[in-house]
Amino acid sequence: MSEFLPPRNETQFAENFTQIKPLMNDTEAYYESSRCLFCYDAPCVNACPTGIDIPLFIRQINADNVMGAAKTIFDSNYFGHACGKVCPTEVLCEGSCVYNHSDVKPIEIGRLQSYATDRAIQAEKYFYSPAPSNGKKVAVIGAGPAGIACACELRLHGYEVDVFDSKAMPSGLTMYGVAPYKITNEDVLDEMAYLEKQFGYRLFHNTTIAAKEDIDQLQRNYDAIFLGIGLGSTSALGIPGEDLKGVYGAVEFIEELKVHHHFVNVPDKVIVLGGGNTAMDAASESARMGASSVILAYRRSKAEMGAYDFEYDLAKNVGIKGLFNVSPIEILMRDSSAVSGVKFIRTRTVDGKVENIPGSEFVVDCDLVIKATGQSKQTSFLEKIGGIQTNSNGTIRVNESFQTTNKKYFAAGDAVSGGQEVVNAVADGKKAAHGIINMLS
Ligand code: SF4
């Protein structure tokens with residue numbers, strides 16, 4: 001049973017989605033930074049995909065040099081503030097902190113990181129400015145973490161950069177795909193404005209690059225093109241009833257919630273299909289929107305779920321129930337063509353493959369089904385560009401410089417990785433910028 005009532009206004013929405021990593025105050029940051037051992041060859045640094053000098057920035061906080069700490073963070077990671085909040089620190093930096101070996105709570109690196117960067121953002125303390133123009137132009141398609149990181153790095157080296165994004169607001173999944181209890185929209189947009197002001201790339205919102213003519217125009221006008229296009233919409237399951245009213249893709253559901261907050265109406269009984277981190281987010285969010293029963297149904301065992309343990313714990317803590325070794329075979333409907341339940345069949349895993357158990361069908365009632373069973377790839381868009389090869393799973397094939405098989409195009413982020421963390425996209429977007437710089441110089 002969910003502990004949350006449906007939020008009816010913005011205040012109630014904020015209460016239901018209280019930040020799980022709230023900002024530290026000065027005293028908390030001082031005491032937490034005092035605990036750090038400032039390790040030599042620190043394992044926390046090695047665990048960070050962007051290689052932030054964590055002991056250095058913690059030492060700077062402790063010495064009351066908070067702006068210096070913020071610069072240390074941004075020097076390695078342009079999304080320093082967002083990453084402090086949305087990174088799975090439990091399995092990255094904090095998971096590697098030496099304190100774990102002594103059963104002592106690891107340093108709260110993520111919260112310290114957000115503390116320092118928030119102070120710099122709110123104080124409008126700017127550390128960077130673009131180099132004088134070198135006359136070369138790069139187009140970035142997609143204003144997500146990979147695209148923006150790539151744009152910042154290129155501007156630092158004197159490239160003119162235009163960023164095109166189909167959405168109204170920048171930051172990609174950080175804005176539209178991360179659960180509201182991890183980061184608020186205001187936090188995301190403050191950091192985006194802070195970066196845009198310093199680096200001066202041109203951002204074209206609500207600008208979809210999809211038609212062949214758009215692509216041809218970019219190819220004529222720019223020296224290189226970076227693809228930070230992410231993944232497509234939720235993949236189809238291929239079962240009857242999938243098109244009924246009340247069946248949503250998880251990505252679409254989370255985006256709807258991020259944009260419309262308490263105006264989204266989540267019914268009483270929800271079934272979320274999937275076992276990854278997106279499924280956990282969708283399930284947690286449904287409960288926080290007041291659904292009294294949220295069932296997470298996964299076709300393999302609990303141990304085989306792709307989600308991090310702490311994400312599953314977060315979901316369980318708000319009342320989500322797990323249903324394992326079940327596969328949906330049909331989504332059922334009421335007279336009004338709305339969803340009334342899901343027919344499942346029990347499964348078992350044999351030699352790593354999931355098998356249905358004949359005769360084990362059963363029905364679970366619900367009013368809403370959320371499919372968190374993977375996202376499609378942007379294959380048709382890539383075909384329009386031409387010359388860009390993909391891997392067998394549909395991700396874009398790149399070399400070590402993040403250059404695609406069409407030499408004018410570079411790519412990073414989820415369209416290349418298939419779906420990783422914000423911090424991975426930031427790290428790879430920056431590396432791709434250096435690939436572009438090497439090619440153009
Ligand atoms: Fe500090 Fe832990 Fe990193 Fe050591 S591993 S430097 S104690 S945060």
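**Salt bridges in a predicted model**

Reader: Why is Arg35 called partly exposed?
Author: This is a predicted model. Arg35 has a relative accessible area of 24%. Buried means under 20% and exposed over 50%, so Arg35 falls in between and is partly exposed.

Reader: What makes Glu32 buried?
Author: Its relative accessible area is 9%. The cut-off for buried is under 20%, so Glu32 counts as buried.

Reader: How do you know that Arg35 forms a salt bridge with Glu32?
Author: The closest N and O atoms of Arg35 and Glu32 are 2.9 Å apart. The limit is within 4 Å, so the pair is a salt bridge.

Reader: Why are Glu242 and Lys371 said to meet in a salt bridge?
Author: The N to O distance is 2.8 Å. That is within 4 Å, so the term applies to Glu242 and Lys371.

Reader: What does the pair of Glu242 and Lys371 tie together?
Author: Glu242 lies in the loop between strand 4 (224-227) and strand 5 (247-249), and Lys371 lies in strand 13 (residues 368-371). The pair therefore ties together parts that are 129 residues apart in sequence.

Reader: Are Glu242 and Lys371 buried or exposed?
Author: Glu242 has a relative accessible area of 11%. Lys371 has 9%. Buried means under 20%, so Glu242 and Lys371 are buried.

Reader: Which residues does one network join?
Author: Salt bridges that share partners join Lys105, Glu108 and Arg111. In the bridge of Lys105 with Glu108, the closest N and O atoms are 3.0 Å apart.

Reader: How many salt bridges are found in the whole structure?
Author: The search finds 17.

Notes
Residues are numbered from 1 along each chain as its sequence is written. This is a predicted model: local features need pLDDT of at least 70, side-chain atom pairs count only at pLDDT 80 or more; totals for chains, interfaces and linings use all residues. Side-chain values use heavy atoms; hydrogens and water are left out. A salt bridge is a side-chain nitrogen of Lys or Arg within 4 Å of a carboxyl oxygen of Asp or Glu. Buried means under 20% relative accessible area, exposed over 50%, partly exposed in between (1.4 Å probe, protein chains only). Helices (H or I, at least four residues) and strands (E, at least two) are DSSP runs, numbered from the N terminus.
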